[in-house]
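Please open the model in a viewer and keep a selection panel at hand.

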Amino acid sequence: MVTIREAVNYCKRRQLAKVNIISDSRSALVSIESLEEKRKCILDIKNSLHDINSNVFLWWTKSHAGNKGNERANYFAKKATEKQEIDFYFCETKQQRKTEVKKNIRQNWQILWDHSSKGKQVKKLFDKVDEKRVLGDFYLNQIITGHGAFKTYQNRFFGKSPWCFCGKDEGTVEHTILKCDAWQNIRDTYFKKNSSSIKELLQDRQSRKGMKLIVKNILTQEMEIVI
């Protein structure tokens, strides 16, 4: 495709009267002929052909069939691969542009996350942003954010007592999930051994089941108190 573009531009610069451009790339010629093609390289070729006042014809030839011009073009194409430096710039593909845009979005997102004063509980668990990490579980999200069932959250927003059911400490996420005596049986049954943090437990499927069960039981107790 690039060689066809360069050949057309050469004809345009030299104002040649009549030219036959021969290529062994059938797909390139079909793309140039297509009315639906939107790639920049092909649109450049079409625009250049439109601007040329002379007759420029595009032809297809079978590759490696003894055509001297085609064989010579293949020879120089192979020689070009032996160069130490690349002296020709190809425009970015659509996929490359999408990849670059995603990279920039993630970098800017990370900067915003690093400098944000919000989401302190979440930052303890996830210091790096990741669009693939989507957690939609009702119970786990309360552990990750520190919202919902936990006593310290209830105290901050509704003025309730911040103390845990066990009465030994404030009902933070860490105390409730890792230390509260009321849920020791669940920890013994579900939690991965030697795990000492919420972050570690979130990586283990069985441990996540146990944490969800703790939050569910807390909510059940809260409902019983209200009733």
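**The second largest pocket**

A pocket here is an open set of points on a 1 Å grid over the protein atoms alone, with protein on both sides within 12 Å along at least five of seven lines; lining residues have an atom within 4 Å of a point, and a cavity is instead a set of points where a 1.4 Å probe fits but cannot get out. This is a predicted model, in which local features need pLDDT of at least 70 and side-chain atom pairs count only at pLDDT 80 or more, while totals for chains, interfaces and linings use all residues. Residues are numbered from 1 along each chain as its sequence is written, and side-chain values use heavy atoms, with hydrogens and water left out.

The volume of this second largest pocket is about 300 Å³, taken as the space filled by probe spheres set on grid points joined across faces, edges and corners. Colour α6, α8 (151–158) and α9 next, the elements that give two or more residues to its lining; α6 supplies the largest share, four residues. Helices are DSSP runs (H or I, at least four residues) numbered from the N terminus. Domain 2 (92–131) and domain 3 (134–225) each contribute at least three lining residues, the bounds coming from an automatic or database domain assignment.

**The largest nonpolar core**

Now select Ile143, Ile177, Ile198, Leu202, Met211 and Ile214, the residues with the most contacts inside the largest nonpolar core, which has 24 residues. Such a core is a set of buried Ala, Val, Leu, Ile, Met, Phe, Trp, Tyr and Cys residues joined through side-chain atoms within 4.5 Å, where buried means under 20% relative accessible area (1.4 Å probe, protein chains only). At least two core residues come from each of α6 (120–125), α7 (138–145), α9 (173–178), α11 (198–202) and α12 (205–226). The core lies between domain 2 (92–131) and domain 3 (134–225), because both give residues to it.

Centre on Leu202: beyond its neighbours within four places in sequence, Leu202 is in contact (heavy atoms within 4.5 Å) with Leu125, Phe126, Leu140, Ile144, Arg208 and Met211.

**The largest cavity**

Finally, select Ala149, Phe150, Lys151, Cys164, Phe165, Gly171, Thr176, Trp183 and Ile218, which line the largest cavity. Its volume is about 40 Å³.

Notes:
Buried means under 20% relative accessible area, exposed over 50%, partly exposed in between (1.4 Å probe, protein chains only).
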